[in-house]
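Good morning, colleagues. I would like to walk you through one structure this morning, from its overall make-up to a few side-chain pairs.

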Amino acid sequence: MIRRMNLLASMHDTLLRSGRRVLSAWGAWWQVLLIGAEIVVLSLSPSSYDEPEERQAIISHLYRASAPLLTWFLVLSALVSLVLIRIVVATALSYGLSQYALELLVRTLVLELIPLYAAMFVAVRYTMPESQRIRRLLADEHRSGVRRPRQLLLRVAMLPRALAGVFSVLLLAALSCFIALVLTYLNVYGFSPWALADYNRSVGSVFSPAVTLIFALKTVFFSLAVAFVPMAASAQRDAQGGYTRRSDITEFARLLSVILLLEVVSLMGNYY
């Protein structure tokens, strides 16, 4: 009898902990959706750009999110693209499938890989560190007894950083795709300009209207995820009602799960 009661108590505690974890996870994702929607509304509102200080803050964050990352990211992207292009071209030639090398490169490198690692790069180098800065600011205000209005937090702290994250992902992905396409042409056709028409026709055959729409939507949603998920996590209170520092690994795993979900949806749209 005592053993049965202990077993029931253990099962009750296990179910209770599981329920609390589910509710906590649901609350965290609801916070992401809510703050993301509020930031989108603010970004579309002309009143968010009335004050010179607000416009200056947005411009400053746009610069900080893109200019310091631009050189290193493009160099890294060019090196990765060049290695992958050489591997694919050499493999296709060795199996007598050189006619498929160009389409394979465009589909794997431009459509899939570049938006993915552009989003990850901006998240690691800009939006996640900025979200930790916002959380430290909220923690300092909480300890000092200052309560910042939610609307002010969104407009002053989150909106400029979110817009900068979106802009940086789109900019880096666009420039990196252009560099990858140029490198692909040079590796497949060399420096001859006479194959440009065939190259444009081959690339254009890959970018059908449906593929182009899915590619554009995926890149935009990647940028929104990179901007919103860390920002929402920075404003979420802990169990004690404060703003203790969160694990970077945990926050990165949450963002990665969203990115991978979007990638799976885009793959289903392209190939099923």
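**Overall make-up and side-chain pairs**

Of the 272 residues in the protein chain, 40% are buried. Please keep in mind throughout that this is a predicted model. The mean pLDDT of the protein chain is 83, and 86% of the residues score at least 70. Confidence is lowest in helix H1, residues 2-44, with a mean of 68, and highest in helix H6, residues 209-234, with 90.

The protein chain contains seven helices and zero strands. Among contacts between residues at least 6 apart in sequence, 83% join residues at least 24 apart. The accessible surface of the chain comes to about 15700 Å², and carbon and sulfur atoms account for 70% of that.

Let me turn to the surface. A nonpolar patch is formed there by Leu76, Val80, Val83, Leu84, Ile87 and Leu113, with about 450 Å² of accessible area together. Helix H2, residues 52-94, supplies the largest share of this patch, five residues. Leu113, by contrast, lies in helix H3, residues 101-144. Leu113 counts as partly exposed because its relative accessibility is 34%.

I now come to the aromatic side chains. How many aromatic pairs does a search of the whole structure find? The search finds six. In one of them, the ring centres of Tyr185 and Tyr189 are 5.3 Å apart and the planes are at 40°, so this pair is tilted. The two residues are four apart in helix H4, residues 150-189, and are therefore separated by about one helical turn. Tyr185 is buried, at a relative accessible area of 10%, whereas Tyr189 is partly exposed, at 30%.

Tyr189 also forms an aromatic pair with Tyr199, which is edge-to-face, with 6.2 Å centre to centre and 80° between the planes. Because Tyr189 lies in helix H4 and Tyr199 in helix H5, residues 196-206, this pair ties together parts that are ten residues apart in sequence. Tyr199 is buried, with a relative accessible area of 6%. Elsewhere, ring pairs link Phe73, Tyr117 and Phe121 into a cluster.

Finally, the charged side chains. The structure holds eight salt bridges. One of them joins Arg155 and Glu54, whose closest N and O atoms are 3.1 Å apart. Arg155 lies in helix H4 and Glu54 in helix H2, so the pair ties together parts that are 101 residues apart in sequence. Arg155 is partly exposed, at 24% relative accessible area, while Glu54 is buried, at 17%.

Arg64 forms a salt bridge with Glu130, with the closest N and O atoms 2.8 Å apart. This pair links distant parts of the chain, since Arg64 is in helix H2 and Glu130 in helix H3, 66 residues apart. Arg64 counts as partly exposed, at 35% relative accessibility, whereas Glu130 is buried, at 2% relative accessible area.

In a further salt bridge, between Glu263 and Lys218, the closest N and O atoms are 3.6 Å apart. Glu263 lies in helix H7, residues 248-271, and Lys218 in helix H6, so parts 45 residues apart in sequence are tied together. Glu263 counts as buried, at 10% relative accessibility, and Lys218 likewise counts as buried, at 5%. Lastly, salt bridges that share partners join Arg64, Glu130, Arg133 and Arg161 into one network.

Key:
Residues are numbered from 1 along each chain as its sequence is written. Side-chain values use heavy atoms; hydrogens and water are left out. pLDDT is the predictor's confidence in each residue, from 0 to 100. Buried means under 20% relative accessible area, exposed over 50%, partly exposed in between (1.4 Å probe, protein chains only). Contact means heavy atoms within 4.5 Å. Accessible areas come from the Shrake-Rupley method with a 1.4 Å probe; for residues, only the protein chains shown count as cover. Patches are made of residues with over 30% relative accessible area and no salt bridge: like charges are joined within 9 Å, nonpolar side chains (Val, Leu, Ile, Met, Phe, Trp, Tyr) within 5 Å. A salt bridge is a side-chain nitrogen of Lys or Arg within 4 Å of a carboxyl oxygen of Asp or Glu. Rings of Phe, Tyr and Trp (its six-membered ring) pair if their centres lie within 6.5 Å; planes under 30 degrees apart count as stacked, over 60 as edge-to-face and the rest as tilted.
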